[in-house]
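Visitor: I have a model open here. Can we go through how it packs?

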Amino acid sequence: MKRHVASLLAQALEAMREAGELPADLELPEVQVERARDRAHGDYAANTAMVLAKAARQKPRDLAETIRSRLPASPSIAGVEVAGPGFLNFTLTAAARQESVREVLRQGAGYGRTDVGAGHRVHIEFVSANPTGPLHVGHGRGAAFGDALASVLEAAGYDVHREYYVNDAGRQMDILAASLWLRYLEAAGEPVPFPAKGYQGAYIVAHAGELLEADGRAHVRGADELTAGLPAEADDPEGYLDALVARARELLGETAYRRVLDFALEAILGDIRADLDAFGVHYHRYFSERELVEQGRIEHALARLDAAGFTYHADGALWFQASAFGDDKDRVLRRDNGLTTYFAADVAYHLDKIERGFDTLVNVWGADHHGYVPRVQAALKALGVDAERLDVRLVQFAILYRGGEKLPMSTRSGEFVTLRELRDEVGKDAARFFYVMRRSEQHMDFDLDLAKSESADNPVYYCQYAHARICSVFRQLEERGLACRVAPEQAELERLEAEHEAILLDLLGRYPEVIESAALSREPHQVAQYLRELAAAFHTYYNAVPFIIDDEALRDARLTLVKATRQILANGLGLLGVDAPQSM
């Protein structure tokens, strides 16, 4: 209906221009229509007259009156009023509001889907946690947000590709391999002092035991061989760790070292995949950083930058002139030791996405990566790509509380609450809904006690309970040998005259607009907020009005209304990856 109102306004403006009431060369703006904030002011409001007044050289209210007079007649519009400094307020007919109920039940699971993104390919990369340990609750927020955003974009007609970028190359993977090998030696009876900067979680010990069981003592080396001649750890912990990695590679040989590294990677990435699957998050592809190296994609990207004239050599390294495109300094692409940097791999990955034909690249990154955005944008500009095609969504970390106490999260120390533990404690549905209740860039305190409570204060319980309550109404109806006896098209929806019914009718019609707005703004929390509002409206209605009554026509009308409400609750919860239970 919002689009219908916008179309009426566009037709009125064109008619005015043809009639000489607007300058012939006046460029007409895209018509903006919003839901009225106060239902007393109608259903929709447009500020078209105020936007055009200066260019049209007319007073806003006078221009609004002319626009109103030029609006085509519509069976869906009961009236249009000029308000305030020149707003146009549109009021829908009762029949138009009632039609939304019928439309919901006609379209079912498809209701709310739009074509605003039709023909537009979107690549969305999210989570992409280093495969060096289990996912923790901080990753969970990015997972819930990214998956819900992808679903909302799909509902708005976009062609969406979900991807997880696996950082399976570089120093962190070497540290992981060394950490696993040291725990393997410990399990084999050859303990070596464990470095402070190694990965220390219990998961490393568990996977080391699995390696020992799988390969026996094939990778055992003497502790003295490993530590002889290494620098003192206390003087330089990071340097000691690098020396330890180099010694491990030397003692094992490349074949055995690669076996240990791959075992660690596959074990941890397998855990990550399993956690995401159980969390309801699925990808079209897990993209390996190694592929960029092995397929020459990094060298291809560096060659593109060089051909464009934006690389130079200094201090033995290859640099990108990022500062020429708004970054605060230039960036190293290849170090003096000949190894390419993480940034070089990121440039190659983003170029690869563009060359795969995606129109928009949505990256869901942790808020601590905000400084990384300008350098990636700079690289795209240098490669001749419109930087606006990159849309980075920053996600603040979720701070977990239990009993009012903050819980720690640190990957290397191993002291963190995993996503699996969170899911086991509060359930997938509560975790996902809590994660997407507010804007991703806002800080979030995750209250475990609230998430587990069965009360109106728990938003996911409140929304799911609304769906289950409606299901219970139809079970009671069946137990009494009754049924909703008419199809939606024949239901006497004009009988729905109560204020609670008017509120629900209004909310049902808004749902497609919420999906479109959430998609265009990349804000799936709008869907969560809408569902809370819809659930509240239904619960109030349920407590105020009986549904199973003797007046058959009124009963059927109310049942049709709540059936449509149930459908939208299921649709919206589904977009957020949350179940819609039939009983609770």
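Guide: What follows covers helix packing, the nonpolar cores and a few single residues.

Visitor: What kind of model is it, and what was counted?

Guide: This is a predicted model: local features need pLDDT of at least 70, side-chain atom pairs count only at pLDDT 80 or more, and totals for chains, interfaces and linings use all residues. Residues are numbered from 1 along each chain as its sequence is written, and side-chain values use heavy atoms, with hydrogens and water left out.

Visitor: At what angle do α17 and α19 pack?

Guide: Helix α17 (residues 459-479) and helix α19 (residues 525-544) pack at about 45 degrees, with axes 9 Å apart. Helices (H or I, at least four residues) and strands (E, at least two) are DSSP runs, numbered from the N terminus. Axes are lines fitted to C-alpha atoms, for helices over the stretch in contact, and angles run from 0 to 180 degrees between N-to-C directions.

Visitor: And what is that orientation called for α17 and α19?

Guide: α17 and α19 are oblique to each other. Angles under 35 degrees count as roughly parallel, over 145 as roughly antiparallel, 65 to 115 as roughly perpendicular and the rest as oblique. Their contact (heavy atoms within 4.5 Å) includes Y462, Y465 and I470 of α17 and L531, F538 and Y542 of α19. By class it has 12 nonpolar, 3 polar and 2 charged residues. Ala, Val, Leu, Ile, Met, Phe, Trp, Tyr, Cys and Pro count as nonpolar, Asp, Glu, Lys and Arg as charged, and the others, Gly among them, as polar.

Visitor: How far apart are the axes of α19 and α20?

Guide: The axes of α19 and helix α20 (residues 552-575) are 10 Å apart, and the angle is about 155 degrees. That makes α19 roughly antiparallel to α20. Residues of α19 including L531, L534 and F538 meet residues of α20 including L561, I568 and L573. That contact divides into 11 nonpolar, 2 polar and 1 charged.

Visitor: Switching topic. How many residues has the largest nonpolar core?

Guide: The largest nonpolar core has 132 residues, and Y164, L276 and F433 are among those with the most contacts inside it. Such a core is a set of buried Ala, Val, Leu, Ile, Met, Phe, Trp, Tyr and Cys residues joined through side-chain atoms within 4.5 Å. Buried means under 20% relative accessible area, exposed over 50%, partly exposed in between (1.4 Å probe, protein chains only). Helix α9 (residues 237-278) gives the most to this core, with 18 residues. Leaving aside neighbours within four places in sequence, Y164 is in contact with residues including F126, L276 and F287.

Visitor: Why is α13 largely enclosed?

Guide: 7 of the 10 residues of helix α13 (residues 373-382) are buried, so α13 is largely enclosed by the rest of the structure. Among the buried ones are V373, R375 and L380. The buried residues of α13 pack against elements including α11 (297-307), α12 (342-355) and β12 (390-395). Just after α13, G384 takes a positive phi of about 85 degrees.

Visitor: Is M444 buried or exposed?

Guide: M444 is buried, with a relative accessible area of 0%. M444 is in strand β17 (residues 444-447). Its contacts, leaving aside neighbours within four places in sequence, include R141, F397 and Y435.

Visitor: And which residues does Q98 touch?

Guide: Leaving aside neighbours within four places in sequence, Q98 is in contact with L493, E494 and L505. Q98 lies in helix α4 (residues 94-107) and is buried, with a relative accessible area of 10%.
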